[in-house]
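Subject: Structure handover

Hello,

I am passing on the structure we spoke about, with some notes on what turned up in it. Please look at it first and then read on.

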Amino acid sequence: MIKSRQAKNICLGVLATLDAPDIHALIKQQFETATCATDRLSAFAAYLNSSAPDKIEVLRAFEAESKKNLIAWEAFLSVIGSNSSVDAVELVREMERSDAFRIEQTNDQRALYGSFARNRKKSLETEEGRVLFAEVLRKLAPVNEYTTVNLLNAFANIDQMEIKYHIPLVKILADLLAELDPQKYPSVYNRIRKLLLGAPAAVEAYGIVQGKIPALQT
């Protein structure tokens, strides 16, 4: 039963890439008639990534329903953070503004920000995603160092990424390093420093354009 459900949802995901009206109808039908959370969330994720004209209406209705239950709310936020639609970053910002989102709650941090951080195609490889990610790290560091350090793991192996991403990604980390008090936020500060030291090629490229990073010179 579990394997057949997994296969069905994989097929639905493949069909969703066609992004055609008849496929939208198929996805929405599963979303509305699903008898288990897995099927419903899979359909919601596929619908969110589509160009269906009513997807925001569907999102709003599902948000209102999900925020009544902590487990459902966490699952809902995870889908939002993981979405790959053209408006992915704006959807994350929308959820930040939701009256149900609590940045001080670890579950909310992990679900929305954690899934967004792992969504590297959006969080690291788009300009608007990098802007949002930097904002999130600044806001979250004073709230929860542990979660912030976990988010920073998305920056591992910068040197292995395409060269065009090296300087903007190092800039995010270098700016944070310059702003953070190492005495107040030692875990975050040290993790950033370690990430930069682990990306010598990217840091060198950044240094040529922006100058050496003072915190790495000691």
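The structure holds 15 salt bridges. Please keep in mind that this is a predicted model.

Salt bridges

One of them pairs K28 with D54, whose closest N and O atoms are 2.5 Å apart. K28 belongs to helix α2 (residues 21–33), while D54 sits in the loop between α3 (37–48) and α4 (55–66), so this contact ties together parts of the chain that are 26 residues apart in sequence. Are the two partners buried or exposed? K28 has a relative accessible area of 24% and is partly exposed. D54 has a relative accessibility of 16%, and because the cut-off for buried is under 20%, D54 counts as buried.

A second salt bridge joins the side chains of E74 and R110, with an N to O distance of 2.9 Å. Here the link runs between distant parts of the chain, from E74 in helix α5 (residues 70–82) to R110 in helix α7 (residues 106–118), 36 residues apart. R110 is partly exposed, at 40% relative accessibility.

R138 and E179 also meet through their side chains in a salt bridge, at 2.8 Å from N to O. Since R138 lies in helix α9 (residues 127–140) and E179 in helix α11 (residues 166–179), the pair ties together parts 41 residues apart in sequence. R138 is partly exposed as well, with a relative accessibility of 34%.

Some salt bridges share partners: R60, E63, E90, E94 and R97 are joined in this way into one network.

Largest pocket

The volume of the largest pocket is about 160 Å³. Which residues line the largest pocket? They are T106, R110, G114, A117, R118, Y146, T147, N150, L151, N153 and A154.

Two helices, α7 and α10 (145–152), each supply at least two residues of the lining. The largest share comes from α7, with five residues. By type, the lining of the largest pocket divides into four nonpolar, five polar and two charged residues.

Regards

How values were computed
Residues numbered from 1 in each chain as written. Predicted model: local features only at pLDDT ≥ 70, side-chain atom pairs only at ≥ 80, totals over all residues. Heavy atoms only, no water. Salt bridge = Lys/Arg side-chain N within 4 Å of Asp/Glu carboxyl O. Helix = DSSP H or I, 4+ residues; strand = E, 2+ residues; numbered from the N terminus. Buried < 20%, exposed > 50% of the residue type's maximum accessible area, 1.4 Å probe, protein only. 1 Å grid on protein atoms, 1.4 Å probe; cavity = no way out; pocket = protein on both sides within 12 Å on 5 of 7 lines; lining within 4 Å. Points joined across faces, edges and corners; volume = space filled by probe spheres on them. Nonpolar A, V, L, I, M, F, W, Y, C, P; charged D, E, K, R; others polar.
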